2 protein chains.
Amino acid sequence: MLQWPKYVQLKEVGPRDGLQNEKVWVPTEDKIAWINKLSESGVREIEFSSFVHPKWIPALADARDVGMQIKRNPDTTYSALVPNMKGLENALEAGIDGASVFMSASETHNRKNINKSIDETYPVLGEVIQGAKSAGKQVTGYVSTVFDCPYEGKVNPDQVLRVCDRLFENGADNLSLGDTIGSAVPSQVEALLEAVLARFPEDKIIMHFHNTRGMAIANIMTSLRYGITRFDSAVGGLGGCPYAPGAAGNVATNDVLYLLHGLGIETCIDEKKIEEAAFFIQDKLDKKLPSKSLAYAASAK
Amino acid sequence: MLQWPKYVQLKEVGPRDGLQNEKVWVPTEDKIAWINKLSESGVREIEFSSFVHPKWIPALADARDVGMQIKRNPDTTYSALVPNMKGLENALEAGIDGASVFMSASETHNRKNINKSIDETYPVLGEVIQGAKSAGKQVTGYVSTVFDCPYEGKVNPDQVLRVCDRLFENGADNLSLGDTIGSAVPSQVEALLEAVLARFPEDKIIMHFHNTRGMAIANIMTSLRYGITRFDSAVGGLGGCPYAPGAAGNVATNDVLYLLHGLGIETCIDEKKIEEAAFFIQDKLDKKLPSKSLAYAASAK
């Protein structure tokens, strides 16, 4: 039997990646109450919102208020998505501990998402990264579509490496590699991690899986085998695209905790409190979230 | 990177394990049409019904008619659950190619399920096994609760081995080891398979996972690493207990195929036809089945 890591750090991205596509407006006070619950769970990182212009992400138009009013757990770092210098200014005022910048590994997805070519994107992100670093903040670079692009198909690990190189050169502290459309199988994870970990230290790499075809937990397990100890997840499995109703969201924090704690891996996170936080947001959104462990907990109530 | 097996054989258990707890009566003609669709997918084994007394499983009261009227694919073997000699008689008349007997690895679950102690169960199963073998039929023994028992908690691999020993001694051709309550994590699968495969050849062992906490695909992946190449699954992820609404059913054939084909493993099964069969039964049951790949396919339509 192989060894599992002793400790894994999760970043709760529900308040950002989970909510960003929701059509139901979650009132600011509910977001704050929810994030406070997440903070109480002991999770060490929370991405609390996005400072992308509200025209693009109306669901998170209250990022500034949320950042200013949440109760901070001193053991937790609070980050937000930051697309440009205006966003960074607002994010800093809202008291971020970390900034997340984002781009795609595939040219077409990057263009559709950011309206820029990959090469045009670096200087914009570079400016934000330098700005955030000057303010003493940690910077994570999200690289999306690292396995498959909805427009271009398979993405070559070499292309992912090129983007990673440039983001590290631009000053990113660590990178989160995203299976944006939730299509990867474990052999793809192996191939990518073979390439990535030959080049970058494993503690700089975060894996970000969506559960669209039900592969996310298997992909996390594969990543653990490669020594990856940082993952993004969202309570209840929040997230997903409003234009693809069956497309599941982020891998559910609840299910990841079931796996990790079951394997004897420490997380500093109280599973019961994550469950409460998931039920809380499920009620506010008035829909059943996809997490299996959550559904099981609901049935056992 | 480790090697994956070249070929994996799935047994479609949707018509039996999937339907047995459904409260909606699926008319016999619909069951037949559905099983015919499954046969057309190329799946090599189908468990088409159960010959347990209809008092216990009313949803499958038409086992005999189903068995006699389905269109047989000559490449597929058709089996059914058989609890006793009366059931075997009916099953043989209905034209089974294989009989499945069942018991639990945990004393309490066995008693609750079969109303007998483990020791009292062997002679009953032994009689059925011998009867089926004399009629030239293959026999699979289902061993349930091999990881955790809902009444007793963790089940020791030694206890599972003892039950396996006795079933093989009684003439079973192969054994299907079931995570009945869908609670196992991959480290439990490793521990059990280390013990089981030290004693029995891997081609005699089938793994049977439920996806109650979302771990089934990761557990299948773990089993593949141990050389297991036979799994039970149900289209759409049918199944689950009516008294625990959130408790998911069998691992979804659709999701298993997404994994296996993604890994480059052959199955002889047409994914598209399995998808059609899943949509067919989903319509008949008038509820959304839990398979992620199916939900994705529905959203992409």
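Biologist: Which two helices of chain B have axes that come within 10 Å, and at what angle do they cross?
Modeller: That's helix α6 (residues 118-134) and α7(B), and the angle is roughly 30°. The axes are lines fitted to C-alpha atoms, for helices over the stretch in contact, with angles from 0 to 180 degrees between N-to-C directions. Helices here (H or I, at least four residues) and strands (E, at least two) are DSSP runs, numbered from the N terminus. Keep in mind that this is a predicted model: local features need pLDDT of at least 70, side-chain atom pairs count only at pLDDT 80 or more, and totals for chains, interfaces and linings use all residues. Side-chain values use heavy atoms, with hydrogens and water left out, residues are numbered from 1 along each chain as its sequence is written, and chains are lettered from A and ligands numbered from 1 in the order in which they are written.

Biologist: Is the crossing of α6(B) and α7(B) left-handed or right-handed?
Modeller: Right-handed. That label applies if the near helix is turned clockwise from the far one by less than a right angle, and left-handed if anticlockwise.

Biologist: And which residues make the contact?
Modeller: α6(B) brings B:Ile118, B:Asp119, B:Tyr122, B:Leu125 and B:Ile129, while α7(B) brings B:Gln159, B:Arg162, B:Val163, B:Arg166 and B:Leu167. Contact means heavy atoms within 4.5 Å. By class there are six nonpolar, one polar and three charged residues. Ala, Val, Leu, Ile, Met, Phe, Trp, Tyr, Cys and Pro count as nonpolar, Asp, Glu, Lys and Arg as charged, and the others, Gly among them, as polar.

Biologist: Switching to rings: how many aromatic pairs over all chains?
Modeller: Six. Rings of Phe, Tyr and Trp (its six-membered ring) pair if their centres lie within 6.5 Å; planes under 30 degrees apart count as stacked, over 60 as edge-to-face and the rest as tilted. One of the pairs is A:Phe147 with A:Phe209, stacked at 6.3 Å centre to centre and 15° between the planes.

Biologist: Where do A:Phe147 and A:Phe209 sit?
Modeller: A:Phe147 is in the loop between β5 (138-144) and β6 (148-149) of chain A, and A:Phe209 is in strand β9 (residues 205-209), 62 residues apart. A:Phe147 is buried at 3% relative accessibility, and A:Phe209 is buried at 0%. Buried means under 20% relative accessible area, exposed over 50%, partly exposed in between (1.4 Å probe, protein chains only).

Biologist: Why is the pair of B:Phe168 and B:Phe200 tilted?
Modeller: Because the planes are at 50°, with the centres 4.9 Å apart. B:Phe168 lies in helix α7 (residues 157-169) of chain B and B:Phe200 in the loop between α8 (186-197) and β9 (205-209), so the pair ties together parts 32 residues apart in sequence. Both B:Phe168 and B:Phe200 are buried.

Biologist: Which arginine lies over the face of A:Tyr296?
Modeller: B:Arg213, at 3.6 Å from the ring centre. B:Arg225 lies over B:Trp4, also at 3.6 Å. The rule is NZ of Lys or CZ of Arg within 6 Å of the ring centre and within 35 degrees of the ring normal.

Biologist: Why is helix α9 of chain B called largely enclosed?
Modeller: Because nine of its 10 residues (216-225) are buried. Among them are B:Ile217, B:Met221 and B:Leu224. B:Gly227 follows α9(B), with a positive phi near 90°.

Biologist: What does A:Ser223 touch?
Modeller: Leaving out residues up to four places away in sequence, A:Ser223 touches A:Val189, A:Leu193, A:Met207, A:Phe209, A:Ile228 and A:Phe231. A:Ser223 is in helix α9 (residues 216-225) of chain A and is buried at 0%.
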